[in-house]
Amino acid sequence: MSSIATFYLLPEAKRDEFNDAHRNQKTVTYKRGLFGTREIVTGERFLWEYLDSAATARTDFDFSGFAFIDYFFTYLAASLPKNLETAMTRAAVDEHHYLIHAELAKGLGDHLRSHPPDPNELQSFVAENHPDADEEYVNALCETHDFLLRWFATIDPRSFGVIHLTF
């Protein structure tokens, strides 16, 4: 199984449009019936299609989305203060999307700057959580830290960010 992380930047003026696109996004479900399975499609377009068309910037994460998840939602989350932890919980639009507003981006960026990754701690984290991983994975987690610092810095009061995770 693989994962991809994509980071979008949108103008704040498109916040309502984003909410509408999320609410009315295309979904595909399958219903079993007496004569087989039937595909049921609702909505006009997938949310990622909206994001691709509306974003002022799109960045595909260089590593597996699992590296981002491991670093951000596991390793870094352990050191987040309660207010940032609560804000990140509220930022979840659904299981695949996180909406990052300017204030949250600033808080997360400040936290990242004041908590640079310790290579020894990361090595222990990787050894415990991914015993088969090599030194390259530790480096990928360090680079995730640097990537997030840069990306959070792009979000200002005139914009918001969306993190899209696929599995």
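**Helix packing and cores**

Reply: In this predicted model, α1 crosses α2 in a right-handed manner. The residues in contact are Glu17, Phe18, Ala21 and His22 from α1, together with Leu47, Tyr50, Leu51 and Ala54 from α2. By class, the contact of α1 with α2 comprises one charged residue, one polar residue and six nonpolar.

Me: Are α1 and α2 roughly parallel or roughly antiparallel to each other?
Reply: Helix α1 covers residues 15–23 and helix α2 covers residues 47–54. Their axes lie 9 Å apart, and the packing angle is about 155°. An angle over 145 degrees counts as roughly antiparallel. The two helices, α1 and α2, are therefore roughly antiparallel.

Me: What is the hand of the crossing in which α5 passes α7?
Reply: The axes of α5 and α7 come within 9 Å and cross at roughly 145°. In passing α7, helix α5 makes a crossing that is left-handed.

Me: Which residues of α7 meet α5?
Reply: The contact of α5 with α7 consists of six nonpolar, two polar and one charged residues. From α5 come Ala105, Leu108, Gly109, Leu112 and Arg113. Their counterparts in α7 are His145, Leu148, Leu149 and Phe152.

Me: Which element supplies the largest share of the largest nonpolar core?
Reply: The largest nonpolar core has 35 residues, and Phe7, Phe68, Ile100, Leu148 and Phe152 have the most contacts inside it. Elements that each supply at least two residues of this core include β1 (4–11), α3 (65–75), β5 (97–100) and α7 (135–153). The largest share is seven residues, and the element that supplies it is α7.

Me: How many residues are in the other core, which lies apart from that one?
Reply: Among the members of this other core are Ala21, Leu47, Leu51 and Phe160. Of these, Ala21 belongs to the α1 side of the contact with α2, and Leu47 and Leu51 to the α2 side. The number of residues in this other core is 12.

**Individual residues**

Me: Is His97 buried or exposed?
Reply: His97 is located in strand β5. Beyond four places away in sequence, His97 touches Leu47, Leu51, Ala91, Ala92, Val162, Ile163 and His164. The relative accessible area of His97 is 5%, and under 20% counts as buried. His97 is therefore buried.

Me: Is Lys82 buried or exposed?
Reply: Lys82 has its place in helix α4. Its relative accessibility is 58%, and a value over 50% counts as exposed. Lys82 is therefore exposed.

Me: How many Å apart in space are Lys82 and Pro116?
Reply: In sequence, Lys82 and Pro116 are separated by 34 residues. From C-alpha to C-alpha, the distance between Lys82 and Pro116 is 19 Å.

**The chain as a whole**

Me: Which pattern does the chain follow along the sequence?
Reply: The chain contains seven helices and six strands. Read along the sequence, these elements give the pattern β-α-β-β-α-β-α-α-β-α-α-α-β.

Me: What percentage of the residues in the chain is buried?
Reply: The C-alpha atoms fill a box of roughly 55 × 40 × 30 Å along the principal axes. The chain has 167 residues, and the buried part of them is 39%.

Key:
Residues numbered from 1 in each chain as written. Predicted model: local features only at pLDDT ≥ 70, side-chain atom pairs only at ≥ 80, totals over all residues. Heavy atoms only, no water. Axes fitted to C-alpha atoms, helices over the stretch in contact; angles between N-to-C directions. Helix = DSSP H or I, 4+ residues; strand = E, 2+ residues; numbered from the N terminus. Parallel < 35°, antiparallel > 145°, perpendicular 65-115°, else oblique. Left-handed = near helix turned anticlockwise from the far one by under 90°. Contact = heavy atoms within 4.5 Å. Nonpolar A, V, L, I, M, F, W, Y, C, P; charged D, E, K, R; others polar. Core = buried A, V, L, I, M, F, W, Y, C linked by side-chain atoms within 4.5 Å. Buried < 20%, exposed > 50% of the residue type's maximum accessible area, 1.4 Å probe, protein only.
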